[in-house]
Every structure is written in structure tokens, then in C-alpha cells.
Amino acid sequence: MNKPLRRIAIFCGLLVLALLVRDNWVQFVQADELKNHKKNRRVQIATYSKPRGDIIVDGQRITGSTKTDSIDFKYKRTYKNGPMWAPVTSYASQVFGSRGIEALEDKILTGEDDRLFFNRTIDMVTGKGKKGGDVVTTLNAKAQEAAFKGLGDKKGAVAALDPRTGKILALASTPSYDPSKIAGSSKEDEKEWKRLLADKDKAMLNRALQESYPPGSTFKLVTASAALENGLYSGIDEPTKSPLPYYLPDTNKQPLNNEGDIPCKNATLREALRVSCNTVFGKISADLGNKKMKEEAEKFGFNDPKVDTPTRAAESKYPKDNRPQNAMAGIGQASNTATPLQMAMVTSAIANNGKLMQPYMVDKLRAPNLNVIEQTEPKEYSRPLSSSNAQKLQDMMETVVEKGTGTMAQIDGVKVGGKTGTAQHGENNKANPYAWFVSYAKTDKGSPVAVACVIESSDTLRDDIAGGKLAAPVAKAVMEAVLKTAK
Amino acid sequence: MSSATTTATTTISTVGPPSRRNTELALLVFAVVIPCFAYANVGLALSDEMPSGMLGYGVGLGLLAGVGHLVVRKFAPYADPLLLPLATLLNGLGLVLIWRLDQSERLARTAKFQGFTFQASAPNQLLFSAIAIALFVAVLVFLKDHRILQRYTYISMVVALILLVAPIFFPGKNGAKIWIVIPGLGSIQPGEFAKIILAVFFAGYLMVKRDALALASRRFMGLYLPRGRDLGPIIVVWVLSLLILVFETDLGTSLLFFGMFVVMLYVATERTSWIVFGLLMSAGGAAVVGTFEPHVHVRVMAWLHPFDVFTTGQGTEQIAQSLFAFGSGGVFGTGWGQGHSDLISFAANSDFIFATVGEELGLAGTMAMLLVYGLIVERGVRTALAARDPFGKLLAVGLSAAFAIQVFVVAGGVMGLIPMTGMTMPFLAQGGSSVIANWALIAILMKISDTARRPAPAPAPSPDAEMTQVVRP
């Protein structure tokens, strides 16, 4: 009987071997995957086992951590002025995961980042608990407050940049939510989370970065840039030879209408921008053609799916299209869409004499002992237009504010350039239009601020809506706040 | 003819192998000290101080091991020296693991949340371990020779059948009907005892029938096909194990019994064809039942897609949690008391106790633990090889194979190698029936090995030799 016994011994050995192999597979090969699986609660337990690092604006912490009595999560994230800063911070929730900077800089905030290794080791030796690092942002608290208050209970968003560096100064979105209320693991947190998910107004949507709207007449800045860059006109005071009425190309005499009876026949570029002529810019777009318009838009950041601030912005689109649609896209309609950040980028490129800087909001990452681990350096994104053409556009935009549709944005003693926009949307353009205003302010040290403001819908009567009236005061307040703090 | 050659070639010598009892004692010291260190480790990790029960625990485990050792010295002096220390080590570590999970605030809160009181399991488990050692001692003292068991072949069959069938009449727990509930006393898991009793029956039955089963067969395509009527017993056992699967929804037990039977049949008849038949039948049966029996089907699905529960919300997340525990342990583990294996929540200290080993001791500790189990099986099979009587061989190999299959099924289940079954890790897991039955199993194996290694009594003076004696002057 011994021969089969030996075989059975081998069989039992194989059973044990199979277990050993499987064990190596699970605990060695797949270990990292399992350890960091998003449903593995240990990840959250570790994340909240100590106070998280903070997000900092103007030297002030806009986040915090409090102790809780939960077994799994010793600490809970708190936010100061949560709704105002939500587009910047996003949220870090014990139960619902994290987003935005909280997610992208998680390793620094939890102190797990490899660059904090030395700190961790020192802390371990000296017996201090592990601490997280801080994320210092580029935001301007006063500008953010102006933006958030300016939007008030209206639905909309503001994005403000420093054109010289690309630093994001304000990033507001309304209606907003309080990330503190979903940070914990209590029943109330869950209730709030469910309410936010079902919210019709999409309070959790970061409209400044992640919602794209038809840019409307503000897009005429890009169309004008394209006209100048491609040499369609040599000067901004040269007649554009545009007819009125103007019919869309390749259509059976379908007219492109202006808003009201405005002097657009054969208007100069300056005049056409001042009164916002659809006919003139529609014709320019048609004359240049889809390819050239698309190229110019892309230089400003359109069609780039990876605009990372580091929170990724939605892609603004200037798509390939047929001639009539392209003419419409030239005045910011049709399938042309842009995020508020995108329009702030357009404005900032013009204000910065043609140089577009990469927008960013994380200035530096800091170790718990305040050592700087990483400093973001301003980076050029592209050069959408030459310096001289940029100055021509500035001239045109300043005319708009001086005596055009944007007079509401005037600031005493400061040069302000701007552009209004009223974008139609919805079926047959029935829905309330989006009111846009983009502008920059300029001092003798260059332009410290470019801002884009969009107000999504309003109870205001339809014909009353014009970017100038609704959005310009918000933009103005943001610019003033930046100018004041710059001094 | 010289008498010297005769002595040299004979396998039964009067000198015999050394008893190795001192080796066993030395190993036992390690088997007691290691769990004590583990116990201290848990206490230090959880509350930064030596656990208060430390002394009691150490003395308790030491006493149990000591009593076991002394009895072995007296009643089975030639028994295998490894089995007792290995089982003691596993039992000791199991107690530490259970105690460690008793300290889990999370489990306590979950229990409270679900409306029942959380009870510490370690004290009970220590009591069960003591009872188990008592049974171990009883087997060694009263079972003079394992061949006595052969007399009870058919009684064993009846008892085993009763034990297997009984749970059908008791309410199931969590989908599996594997308990006999005695009101006021608790519940026992008869499957654990049936394992041993069935091995006795199979060994006795096969020893008698092996020739018929082995020789009366036709050769077909290189395989010896048994005659139709000889197929009877295997079909009966197969049907029985399928019935267990269907009525008690216990995948593990049915796999265990069928596997044990096929192994013993193969050893008894030396016919590979039985293995082929066995595999085909179990595969067929498992496939059919796995598809149609809802409880088993759920387990198979949970095995194939362990993480689906998070998206669909259906089924149990135990498998996923168990895999997380193993993965989070990594190569070296988190250390005693520092893991979060209690996230498995339900059955964390019984069916899933091995996940705690995985997380807190890591790949290194888990492999060591598996090798300890492997060693026990190896010593068991070695005992079978050394045994001189066919009944002892069959019984030893049956018990060893059953032990190996059980370890494979449980560890494989929690590591996601095979579908989860309702069995417990021998010696580690919380549960009285399991620890008692497995100590009895070890006792029987030690008794067989004692008989096998015991030197034969000095041959009686041969009358022939006397007749040819040279008449001295």
C-alpha cells in the first residue's frame, strides 16, 4: 500500500503548495492593488487617523480637522467658510471619498508623500505623531469674497486670474455647498450627501472649472484676435466692409441678426466690438474659415482636455464644423462652449500682451515644519497673439468699457477693458440666456487681474438681461478687490 | 545459516528507534513560549501594557501542553514527536488570535448595533481547549491499540450517518445547516466528529473489500474499470455527500468526506481509476449543485466576483474584506493587534480567522502557518507509511488527507482560491467542536505512530533453536 501512500503524500504537498502560491499572489503580487483598493476601508482609516494638513489662502487656513468619537476615523475634516471655498478645496469625506485639491494633494495632506519621508522619520524619532503637510494656494481671499458675494443667490461662476503669472485669484461657483456637512460619517452627513446628489441646481458642480457654457459675445475677442493675427484687417479702425443684413453662408438667405438696431454696417472692428455686432464677427469667422478660427481658439486653450489647475477643468470646445455653423461659432454660439476659466484665460492673454500663462492655484506644497517641498513656477501656455495685436485688442476692450456695452465696469483711475456677452441656449433659444462679462484691469505694472463672470439664469426679465447689467458689477468688484490688495 | 543475517534483514528489531520524547518536550517549550510572546505583543500593541491575563494564559497553555506530554510519555512513548508540539502551537496561536479579536472595539460596536451582546470568545475557547486535551488524554489512555477501532466498523457507519443527517432537523445559521443545537448547552458541529468516525468506517470497510474492489475489474484504455456492483459503495458515498450539500448546504463538509473517501479507496485498491472516477463525479456533482442550489451558487458567485458586492450591493462582502486583509498585510504584516481584519465583521474569529493571520503576520507568517499545517499532514502520512497493519495505514492516511483537505478548503476559501465553505481552520478558529475533534484526530494519529514505531516484543525463545542447540559439555 505504500506506493499510493507516497502519491497521496505528494497530493497533500500539492494542496499546501497551491495555498502557498495563492498566498504569494494575494499578499505579494496583488498586495498594493488590494491595499489601495478604493473600497478598502483601511485607506480611509489611515487618512483620518491623524489631523490632515491644511489648505491655505493668504496665510490663513481655510480647512481644519476636529477629533471625533468614531472608531475608524479619529479626525474629521472641517472647512471655514465652506460654501465660498468649495470650488477651490472640494471635499474630503470619511465616507464619500475626496475630490479636487483634497484628492490630488492627498499624499501631502496626509503626510504620506515620499518627499515628507525625512520629516516623518524625524517625527518618529522625536516621538511626535505623523503630521500632514499644507497646500498653499494662489487665491486672493478678498477677490474670492467679492466674487462669492457678488454672485449672491444667483446661479453662476467667477474665475479670476493674474494675467502675468496665471495664478488663479478667485474661483467661485453658486449655488454652493458646505463640504463640512459631508465630511463625517454620521446620518446627517449621509442625508446631506443624498440631498446634494439629487439637487436640481447641482450645488456640487464646480461651475467655474467644470461647466461649459456657450460663451456668446465674449468669444468675439477670440474672433477679433484671429482676424488681426491672420491679417484680415490691418487696423482696428479700418472699415470691415461687412454688409447689413448679413446672411449665413451656404444657407437660403438665413440672416444673422444683431441685438437691436445697432450701427454695424461696414463698422470698424473697434466699433463692432463696442456695440457687439453679430453680423461683423459672424462674417469674420466665415471669411477666415473653420480651420483658422479653430487654430486661434486652440491657442487660447480651447479643445484642450487637460487644463489642470491642478483640479482639471472641463474641455472648452471649438469643434470642426460646416460654414454656417462656423459663422455662428464665431460669435460664441452653435457648438462653441467655454468654461468661465477658459474665458478668463482669453482675457488674461490679451491683458498680458499676448502671452497666455498656464493657470494654476497651488502655489506651493509645504512640509509640517514649513519647509517648501514644491513651488509652482509660472509657465507660459501659448502665445495666441502678437504683442501689438494684443495691444490693439486692449484698445478695443477699453473702448467697450469707456463708451460701449461695458460701462458698468468702469473703475476710477484704472484702465479697464472688458466685453459683455449674452449667450442664447435651450431649444429655440427659449431658456433664459447666460449673461457673461469678461474684463481686466491695468496699472502701470501691467495687468494684475483678468476675470470672467457668468450668470446662468435669473428671474430678471429676458430682454433685460445683458452681460453688462448682471455680470459686470461682479467682475468689477473682483477687480477692485485685487487692485486694493495689490497696493 | 547464521543468525546474524537474520537479525540484520528483519524490519522488526528489538532495539527500536529512540522514543524522541525529549525532542518533543523541547519543541513543546517553543510551542508554548511563542504564543505567549504573541499574547504579550497584542497587549502592547493595543493598550501599551502587558495584558493582565498574561500569566494565566501562559500557565494554562503550559499546563495543557505539559499534561499532554506526560500522558504521551506514559501511554504512547514511541509516538511521533512533532504532532503534539505543532498542534499546541496552532492551538496557542489560535487562542491569541481569538483574544485579539475579542479586544476589537469595532466588533463590539457592530454587535451592539445589531442588537446582541458581544461576548469574549477566548475564555470559552480556553475551556474547550482544556476539554480537547482531556479527550486527547482519554484517547491515549483508553485506546490501547488503534486496531480495536476496527471492531466498530459498522457501528461507526451508523453513528457517522446519524451525525451527518442530524443537522437537517435543526435550524440553520446563516444559510448553512451544520449544527446540532442542544438547548441550554449550546450547539455542536457534528461534521467535525463525523470526519473521524467516517475515517474509521472507511478504513474498516475498505480493508475487508479492497481485494474485490481492486482485482475484479476490466481494463479499458489503460484504466481498470471496476465492475458495476463494485461501484456501489462509491456511488453511495457520492450521493450521500451530494445530499449533505443540498440539504445542509455545506459545500466544505461534502467535499471533505468525498475527498477522504476517494483517497482511502485509492490507497486501499492502488487503482488510479478510482481517482479519475472520484474527480469526475465530484466535479460533475459540484457543477450541478453549484448552478442550481441557491446558497452554493451565491458562494460561487462571491468567489468569482468578490468585489461586485460593492457595486451591486448583493451578497456578502466578506470575501472582499478578507482579500483586503491579506493584501493590506503585505509581506511582513502589520504586527499583532495592529491590523483591521475585524472589518470582516461577521465570523471574523471563526471561518475567517486566517485573514487575521494574513494581515497581522503578513506573507511570512501566513506561509509559516501553512507550513505548520503541512508538517502535521506530512507527519500523518509518514505515520501511515510506517504503520504495519492495513487498517492503521488506511486510518492514518484518511485522517491526514481529511486534515489536509480541510486546511486547503478553508485557507483556499478565505484567500479566494476556491469558493468559501462553512468550515473552520483546525485549531485556530473559534469553536469547541472543531478544537475537540482535531485534538482527538491528533491523538489517534499519535497512537498509530506509537504502535508503528514501538519496538516489537523480544521474540519468544524458539523451540527449533532449542532443538538444534549444541549440547555443551
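This is a predicted model: local features need pLDDT of at least 70, side-chain atom pairs count only at pLDDT 80 or more; totals for chains, interfaces and linings use all residues.
## Where chains A and B meet

Let's start at the interface. On one side, 34 residues of chain A take part, and they are in contact with 51 residues of chain B. Putting the two chains together buries about 3,800 Å², and carbon and sulfur atoms give 73% of that area. Within chain A, the residues that lose the most area to chain B are A:Met1, A:Gln27 and A:Arg42; together they account for 21% of what that side buries.

How many salt bridges does the rule find across the interface of chain A and chain B? It finds one. A salt bridge joins the side chains of A:Arg42 and B:Glu359, with an N to O distance of 2.8 Å.

## Two nonpolar cores

In soluble globular proteins, nonpolar side chains tend to be buried together. Here, the largest nonpolar core holds 146 residues. The members that touch the most others are B:Phe136, B:Phe354, B:Leu395, B:Met425, B:Leu428 and B:Trp439. Helix H16 of chain B, residues 390–414, supplies the largest share of this core, with 17 residues. Another core, of 83 residues, lies apart from it, and its members include A:Ile168, A:Leu269, A:Leu273 and A:Leu385.

Leaving aside neighbours within four places in sequence, B:Phe354 is in contact with B:Phe326, B:Thr366, B:Met369, B:Leu370, B:Ala411, B:Val414, B:Met425 and B:Leu428.

## Helix H9 of chain A

Which residues of H9(A) are buried? They are A:Asp189, A:Glu192, A:Trp193 and A:Leu196. Seen down the axis, the buried residues of H9(A) fall within an arc of 105 degrees, so they line one face of the helix. On the other side of H9(A), A:Lys187, A:Lys191, A:Lys194 and A:Ala198 are exposed.

A:Ser225 sits in helix H11 of chain A, residues 220–229. Its relative accessibility is 0%, so A:Ser225 counts as buried. Not counting residues up to four places away in sequence, A:Ser225 touches A:Glu296, A:Phe300, A:Leu385 and A:Leu393. One of these, A:Leu385, also belongs to the core of 83 residues.

Technical notes
Residues are numbered from 1 along each chain as its sequence is written. Chains are lettered from A and ligands numbered from 1 in the order in which they are written. Side-chain values use heavy atoms; hydrogens and water are left out. Buried means under 20% relative accessible area, exposed over 50%, partly exposed in between (1.4 Å probe, protein chains only). Helices (H or I, at least four residues) and strands (E, at least two) are DSSP runs, numbered from the N terminus. The arc is that of the directions from the helix axis to the C-beta atoms. Contact means heavy atoms within 4.5 Å. A nonpolar core is a set of buried Ala, Val, Leu, Ile, Met, Phe, Trp, Tyr and Cys residues joined through side-chain atoms within 4.5 Å. Buried area is the accessible area (1.4 Å probe) that two parts lose on being put together, summed over both. A salt bridge is a side-chain nitrogen of Lys or Arg within 4 Å of a carboxyl oxygen of Asp or Glu.
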